[in-house]
Amino acid sequence: RKCDILFSRNMKTWFVKKKYYIIHNGIDLLSSMPELPKNKKFTFISIGRLEYVKNQKYLIELLAKIKNKNVQLKIVGNGSQYTMLKNIIEENGLNDLVELMGFREDVISILQKSHCLLLPSLREGMPLVLLESGHLKIPIIASFQAINNSIIEEDEGYVVDLDDFKETMLDVMNNYQNALIKADKFYSKVINKYSLRSCVQLHEQLYGRMIDQ
């Protein structure tokens with residue numbers, strides 16, 4: 001092949017080939033969703049396969065430290081760490097605060113009812129859940145280890161070191177209007193830069209250049 005496609009500049013950290021082209025993932029912005037009410041409890045949500053690199057164990061440990069009855073964490077996804085995570089939840093008496101939801105077909109609805117997306121991954125490419133959350137104007141806290149600040153800028157969300165996750169979660173809960181302002185700015189970026197249409201067009205342009213060479 002003449003060129004590889006990366007989904008974000010952050011992928012360069014473990015990509016060793018010199019010839020690449022960056023085309024961001026896109027989402028279908030044409031699909032409309034009815035507006036759903038938020039959950040009564042302040043809801044943090046994590047979406048992804050239950051594997052070490054996704055770092056859901058860290059989130060459960062944070063909820064054990066926060067222990068606020070008005071806060072809950074919903075974890076959507078399946079994977080090899082399901083049983084281990086379930087045991088940690090039970091051992092720490094967090095059944096009322098943390099829910100392992102498994103694989104779900106209604107992820108967008110669950111996300112829409114939540115207050116804040118958490119992405120504590122140890123590494124990521126360009127996770128579509130960020131764009132989906134952005135399109136729904138859901139505030140986002142992501143680990144610098146996962147996406148640094150190449151996708152979400154300071155005025156669009158919270159990209160922090162894992163050591164600062166707890167403090168940032170508390171800040172979002174206590175200053176939620178500020179978080180919504182950031183989410184609204186990220187929404188504008190998603191609309192303008194990450195549509196499925198523009199993603200397809202960039203692929204077509206790249207393939208055209210490769211054929212002409």
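These are my notebook entries on a predicted model of one protein chain.

**Ground rules**

I number residues from 1 along each chain as its sequence is written. The model is predicted, so I ask for pLDDT of at least 70 for local features and 80 or more for side-chain atom pairs, while totals for chains, interfaces and linings use all residues, and side-chain values use heavy atoms, with hydrogens and water left out.

**Entry 1: the whole chain**

I began with the secondary structure and found 8 helices and 8 strands in the protein chain. Both are DSSP runs numbered from the N terminus: helices are H or I with at least four residues, strands are E with at least two.

Next I looked up the radius of gyration, which is taken over C-alpha atoms. For the protein chain the radius of gyration is 18 Å, close to the 17 Å that the globule rule gives for 213 residues, so the chain is as compact as a globular protein of that length. The globule rule is 2.2 Å times the number of residues to the power 0.38. Along the principal axes, the C-alpha atoms fill a box of roughly 60 × 35 × 30 Å.

I then checked burial, where buried means under 20% relative accessible area, exposed over 50%, and partly exposed in between (1.4 Å probe, protein chains only). Of the 213 residues, 49% count as buried. The accessible surface is about 11600 Å², and carbon and sulfur atoms hold 49% of that surface. Those areas come from the Shrake-Rupley method with a 1.4 Å probe, and for residues only the protein chains shown count as cover.

Contacts came last in this entry; a contact means heavy atoms within 4.5 Å. Taking contacts between residues at least 6 apart in sequence, I see that 71% join residues at least 24 apart.

**Entry 2: the cavity**

How many cavities of 30 Å³ or more are there? The count is 1 cavity. For this search, a cavity is a set of points on a 1 Å grid over the protein atoms alone where a 1.4 Å probe fits but cannot get out, and lining residues have an atom within 4 Å of a point. Points are joined across faces, edges and corners, and the volume is the space filled by probe spheres set on the points. The largest cavity holds about 50 Å³ of space.

Its lining is made of S46, I47, G48, K54, Q56, L118, L119, P120, S121 and E124. Strand 3 (42-47) and strand 6 (116-119) are the elements that give two or more residues to this lining. By type, the lining has 4 nonpolar, 4 polar and 2 charged residues. Here Ala, Val, Leu, Ile, Met, Phe, Trp, Tyr, Cys and Pro count as nonpolar, Asp, Glu, Lys and Arg as charged, and the others, Gly among them, as polar.

Which residues of helix 4 (residues 128-135) are buried? I noted V129, L130, L131, S133 and G134. The buried residues of helix 4 pack against strand 3, helix 3 (107-113), strand 6, strand 7 (140-143), helix 5 (144-147) and helix 7.

K137 follows helix 4 and has a positive phi, near 60 degrees. K137 sits in the loop between helix 4 and strand 7, and at 37% relative accessibility K137 is partly exposed. Most residues other than glycine have a negative phi. N55 also has a positive phi, near 65 degrees. I find N55 in the loop between strand 3 and helix 1 (56-66), buried at a relative accessible area of 13%.

**Entry 3: two loop residues**

G77 lies in the loop between strand 4 (71-76) and helix 2 (82-91) and is buried at 11% relative accessibility. Beyond residues up to four places away in sequence, G77 touches G48, L50, G102 and F103.

R104 belongs to the loop between strand 5 (98-102) and helix 3. At 28% relative accessibility, R104 counts as partly exposed. With residues up to four places away set aside, R104 touches V76 and I110. From R104 to N78, 26 residues apart in sequence, the C-alpha distance is 9.3 Å.

Neighbours within four places in sequence aside, K189 is in contact with I151, E153, E156 and Y194.

I211, in helix 8 (residues 196-212), is exposed, with a relative accessible area of 68%. The C-alpha atoms of I211 and K2 are 9.8 Å apart, though 209 residues separate them along the chain.

Note on methods
1 Å grid on protein atoms, 1.4 Å probe; cavity = no way out; pocket = protein on both sides within 12 Å on 5 of 7 lines; lining within 4 Å.
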